[in-house]
Amino acid sequence: MSDPNNPITPDDSGQDNIISLTGMYENYFLDYASYVILERAVPAIDDGLKPVQRRILHAMREMDDGRYHKVANVIGQTMQYHPHGDAAIGDALVNMGQKDLLIDWQGNWGNVLTGDGAAAPRYIEARLTKFALEVAFNRQTTNWQLSYDGRKNEPVHLPMKFPMLLAQGAEGIAVGLSTRILPHNFIELIKASIKILEDKKVKIYPDFPVGGMIDVSDYNDGARGGRVKVRCHIDQIDKTTLVIRDLPYGVTTTSLIDSIVKANEKGKIKIKKVIDKTAQDVEILIELVAGTSPDVTIGALYAFTNCEVSISPNACVIIDDKPHFGSVEQLLRASTRYTKELLRQELEIKKEELLAKWHMASLEKIFITNRIYPDIEECESFEEVISTIDTGLRQYVRTPSMPKPKGDNRLELMREITTDDITVLTEIRIKRISKYNAFKADEKIAELEKELEEVAFNLAHLTDFAVAYFRSLLDKYGKGKERKTVITTFDSIQATQVVANNAKLYANFQEGFIGTGLKKDTFITECSDIDDVIIFRKDGKFQVTRIADKVFVGKNLIHVAIWQKGDDRTTYNLVYVDGKTGVSRAKRFNVTAITRDREYDLTKGTKGSKLLYFSANANGEAETVDIKLSQGSSARKKLFDFNFAEIDIKGRGSQGNIITKYPIRSVKLGAVGKSTLGALDIWMDEVSGRLNTDERGLHLGAFDTGDMLLAIYQDGSYEQMELDLNKRFTPKDLAFLGKHIDNQVISAVYYEGERGLTLVKRFQIETTSVGQKFHFLTEHKDSKLYFASVANTPIVICKWREKNQTKEKEINLATFIDVKGWKSLGNKITESKLTSAKAVVAEIKNPKSSEKDTLRPGDSLELDF
């Protein structure tokens, strides 16, 4: 016998018979791909379930007796319907159980926080939740099909009266396509379904059981091409310790810690150790290396670890046995329509059942109260019995097919009388007839009629009925299902701005080498291994290259620095001489975008062109230079100055402005200038505490070259610091944040713990150290700041309790006390602690000008104790 798997088989004559394989693998692949898509990986739109999930729930419903069942038993029952191994069924069951919607579980079912797996199926138990029993099952509205072996019936789809697909989420990789639908909030889904029924617009966003934060700016309603970024919350406990109390979706504590350790090993961040204290809730402590900025480290954790991850949703579902791509709103609308249709079917079924009960109750009453049953005593056959009863009933009832004569008061039935109806009447026992209570029968019929009216009303107002259904779900099961993930907008983190300086940049200006390995050459700056370096040469060329151990970039370097993409503040000023004409020109330009490792010429490109002067200015400063011409030139004036502020900032390819046609002997710095870009307006994001130039949050002022930032903290200290856009503050810790102005007066209301007095003090900043905190309150542990402001005329309403009475006093701090030294105690308000200190009127005035600003929200802080 020939091998059926061998495509070359001998025929009867012994010759090889070649069978063509054309199209065979194409069909096999298509069959396999279709099977995986429809039967394994992609959920159906009707009930939002994959086949294995549907079969698990059906098996559990068949087993349901209100008690817990061993998961091993559930898996065995499911294998009657699912033609795959027990491991796949067990994993799917545990996955559904961990979502806490359909499965009520008992035992060790693993931990979604740590990634720990569940115990063996023989040790854990499960049953359906009340919610699952209410929304997912109804045999009368379920379409059935034979199981894979033909022995059992299984549902084609469960009659799911809830957007389960969006509540649970779904992930699956099939052949040639995949699906990823993120989970959404239970309460928000119900409210959105109600809005759809009311023809209102809806917008829903993902919500994750692990909490965290989500940026939905590019969500694209969950359709293909969208993207969300999710983060964990990172809080600062003290200067050397950070804590993580939740997780990004899809990340476990184990994978998160691993990513942090790897980033530390690569030098992206600087930490001492990571401590996992996760139990019921997430708690991961990160101890920092001494001297490491917590703010920069938080940004680096988001940039280089799984503290922030990007997720690309892809809503793909099965509709009519075909995969379809759509959006979350489309899925929700389809689910809402499906729920409404199922509710209609249930009402129609209930109506038919009530009609049947009313019909039989009415016939039974007529049959007994009108004593029709004695007429059958003389009948000799069952057919004659049926005919006699039918004739007797028609004397008292009228069916829909019978005409309605005028004055006919017979009971009008809602359907025809059938032989089966009469057969039921013949089966009534004599004992029941003898004890028949017509009054109770009338009550029962009236009750059925009332229920029929209610069902008819609900059918006529199906939308309102569906809305009431969703609201009942919210009332029954909505408690404890509030949103856990915070919707916010993330700052764009430039990796080069937050990466830890894990290297040092050196340069050999003469030989033209740069890199981190040239330790014997000139030190430039600390840097990271992902930074870009910009270099300028005397021949007027520059380039940007990736940092490395040692790179040759051309001889005669004049400037080497770290380059930031998109930096439109750093301005380069230069003077060059054209090699062909001998004309000297000046130009100013930024370098915001380049092609890495490509040389750019800043001169006209002629042979012999070179730079005579060059400066790099971080904030667009324009200096004045002294220009000295050659002694042999015919120019009358051989020494003059040139101010770069007189020329505009243009592109790097511009020729520049002509300074002179005569040979230049030297160009030297004459005087440092101010920025020509104008003062830089700075804001603080009141949520993240980050400084920015995007007009987001609290406006701090316009900062020019040399301007300082002043922060007054709630712990009773102040700090002067240089402007650093990478700086991040904790808004709740600030009483004031803004531009420092010379001779600025700080007004403070505070409680002095040692003497037990509430005092007012006003002082000017006398310290000169930058980046150092100075405490202007006494060091006693009970000393506490109530109010602080830099307003010119702050007026505060102070309240306190004295002898069981509330005292209130309005104080103009500017007249209450004179300006004194920053270490002075101040004047007394009361010997009690304040219950509140509220600013009424405040005005900030620059002592150097007549301009006045209104009090900004950060200028003073109202406290209620």
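Visitor: Two strands count as paired if DSSP finds at least two bridges between them. With that in mind, how many bridges join β41 to β43?
Guide: Five, and the two strands run antiparallel. Keep in mind that this is a predicted model. β41 covers residues 708-713, and its tyrosine 713 has leucine 734 of β43 as bridge partner.

Visitor: What sheet do those strands belong to, and in what order do the strands come?
Guide: An open sheet of four strands, in the order β43-β41-β42-β46, with antiparallel pairing.

Visitor: Why is one side of β43 and of β46 left without a neighbour in the sheet?
Guide: Because β43 (734-739) and β46 (773-775) stand at the edges, where each has a single partner strand. As for twist in this sheet, the average is 15 degrees from one strand to the next.

Visitor: And what actually holds paired strands together, in general?
Guide: Backbone hydrogen bonds, with the strands running either parallel or antiparallel.

Visitor: How many bridges do β14 and β15 pair over?
Guide: Five, in the antiparallel sense, with β15 spanning residues 284-288. To find a spot on screen, go to aspartate 276: its bridge partner in β15 is isoleucine 284.

Visitor: What about β11, which strands is it joined to?
Guide: β10 (residues 213-215) is joined to β11 (residues 228-231) by three bridges, and the two run antiparallel. Four bridges then join β11 to β16 (residues 308-311), again antiparallel.

Visitor: Which residues face each other there?
Guide: Isoleucine 214 has valine 230 of β11 as bridge partner. Lysine 229 stands opposite serine 310 in β16.

Visitor: Now β33. Where are its partners?
Guide: One is β34 (residues 639-643), joined to β33 (residues 624-629) by five bridges. Another is β37 (residues 664-671), with six bridges to β33. β33 runs antiparallel to β34, and antiparallel to β37 as well.

Visitor: Changing topic: how many salt bridges does the structure hold?
Guide: There are 30. In one of them, the side chains of arginine 546 and aspartate 532 meet at 3.7 Å, N to O. That pair links distant parts of the chain: arginine 546 is in β26 (residues 541-546) and aspartate 532 is in β25 (residues 532-537), 14 residues apart.

Visitor: What lines the largest one?
Guide: Ile45, Asp46, Asp47, Gly48, Phe162, Pro163, Met164, Leu165, Leu166, Leu331 and Ser335. By class, that lining has seven nonpolar, two polar and two charged residues.

Visitor: Which helices supply at least two residues of that lining?
Guide: α6 (164-168) and α10 (328-369). The largest share comes from α6, with three residues.

Visitor: How far does α10 reach, first C-alpha to last?
Guide: It reaches 61 Å over its 42 residues, close to the 62 Å expected at 1.5 Å a residue.

Definitions and conventions. Residues numbered from 1 in each chain as written. Predicted model: local features only at pLDDT ≥ 70, side-chain atom pairs only at ≥ 80, totals over all residues. Heavy atoms only, no water. 1 Å grid on protein atoms, 1.4 Å probe; cavity = no way out; pocket = protein on both sides within 12 Å on 5 of 7 lines; lining within 4 Å. Nonpolar A, V, L, I, M, F, W, Y, C, P; charged D, E, K, R; others polar. Expected span 1.5 Å × (residues − 1). Axes fitted to C-alpha atoms, helices over the stretch in contact; angles between N-to-C directions. Salt bridge = Lys/Arg side-chain N within 4 Å of Asp/Glu carboxyl O.
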